Amino acid sequence: METTLVTQSLDRVEADAVVVLLFEEETAPAELKGSSAWLDELRSSGEFTGKTGELAVQHQPQGLKAKRLAVAGGGKRDKFDAAVLRRAVGTAVRALKQKGVKKLAWWLGDANAEAAVEGAILGNFEPDRYKTSSDAKSLEAFVLVAPDSARAAFERGKILGDAQNFTRELVNEPANVMTPTLLAERAKAMAAEVGLEYEVLDEPRMRQLGMGSLLGVSQGSAEPPALIILRYKPLQAPKTSDHLGLVGKGVTFDTGGVSIKPAEGMEKMKYDMAGGAAMLGAMRAIAQLKPAIPVTALIPAVENMVGGKAQRPGDIVTSLSGKTIEVLNTDAEGRLILVDALTYAQRLGCTHLVDAATLTGAIVVALGNVNIGVFTNNDALLARVLAAAKAEGEKSWHMPLDDDYKDLLKSAFADLANIGGRWGGAISAAYFLKEFAGDTPWVHLDIAGTAWLDESKPFLAKGP
Ligand code: BES
Ligand code: ZN
Ligand code: ZN
């Protein structure tokens, strides 16, 4: 899809449809006076009240060059934010492309250009790579009609939208295609495209370093593991010694291992690399947005399988940090691969760590599919992450991580057990990671509930 910004008056816009956002309890802007009878009728009939999610379409609007005029609900103005706009644009894109619209224009006014383009790019995405025929249609062009001062935000939105779709393509790949090796290859190709340094640690190298925790998980698979490392370095020498480390869980398929999962729903476990894919997408955006500090991403990629060489419950492994771990449940594998990556990130000089992982079913029980579970050992870093999430409309909820939870991970035979019992499962998983973050400020995002949509939304396709 071609995405452009034009500065034009509404009546000059040429497109298959031009969309205008209307709020609840507000009158339409003067530019729509040619359609005032239609708008009055929409309101009085109750067909369109301005609520979020609403969309109404008029053909051959008077006084406009566009073939159709659509109005989209913006909700109440005091509740309007980036997330509402992103969804409104996504909803319009998905509804109108199915009606045959190829070129869609969005009349922005003074709203957030970043969120608008992002919504269009995300909404246009279809998970149809493997369909030989598909009913899903696509936009060819999205035109944002906005003042020229919106250009920087517009470019940023394009970068963020494309990066998210890059992530979604990775997550949608089935596990027979998306092996740790392929994830590394895709990361390498992306790094070359946007100008990031790329490195991969293979199995012998990880053995030499002593990443016994990660290797214990991958030993049951015929697919070799990979620790993918991407580095962004700012052009100008940074003013601080800050160095951000992004760590993402890259389990390309999670059968549970010998502590095997039930068959029902197991096919979804291809999305157990969504944290890793999210960090790769973040690095793609970072390479283009060029922040002032260095950022290193580490993606431990493995397949968690059953087999004659698979790790057993009760096995004891030695992590890169030197701490020993009793593997009481082979299905709690995410934390086992993440801790070696967290330790290695600190060795690479990262001063701040953020990890994203589809870590626990328990976070889905706690927060459903709406909020990301956020855990930390550092309130200052937490505040910055939560503020960034809020600005983007990325719903996130701070979860506790008091020292009182430490006892849950006691093992009779090793330094730590890899599971913490029935209650507070997302917290004991996070506490396990915390034991390896040490004094380094760290934020953990449990995205098991938010990385996958079981059903499509009006503004977003089913899937990642
Ligand atoms: N990948 C799963 C977590 C998960 C569950 C992700 C549902 C997405 C949706 C993780 O590796 C796992 O299996 N966790 C176990 C931990 C348990 C054995 C302590 C869980 O949550 O059941
Ligand atoms: Zn698991
Ligand atoms: Zn898992």
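Predicted model: local features only at pLDDT ≥ 70, side-chain atom pairs only at ≥ 80, totals over all residues.
To colour them, select 2-131 + 140-146 for domain 1 and 164-446 for domain 2, bounds that come from an automatic or database domain assignment. Their contact (heavy atoms within 4.5 Å) takes eleven residues from domain 1 and eleven residues from domain 2.

Residues are numbered from 1 along each chain as its sequence is written, and ligands are numbered from 1 in the order in which they are written. Local features need pLDDT of at least 70, side-chain atom pairs count only at pLDDT 80 or more, and totals for chains, interfaces and linings use all residues, while side-chain values use heavy atoms, with hydrogens and water left out.

Next, select ligand 1 and the 16 residues around it, of which Lys 261, Asp 272, Asp 331, Glu 333 and Gly 361 come nearest; a residue belongs here if one of its heavy atoms lies within 4 Å.

Then show the N or O pairs within 3.5 Å: oxygen atoms of ligand 1 lie 2.7 Å from a backbone N or O atom of Gly 361, 2.8 Å from a polar side-chain atom of Asp 331, and 3.2 Å from a side-chain N or O atom of Lys 249.

How values were computed. Polar contact = N/O pair within 3.5 Å; in protein donor to acceptor, adjacent residues only side chain to side chain.
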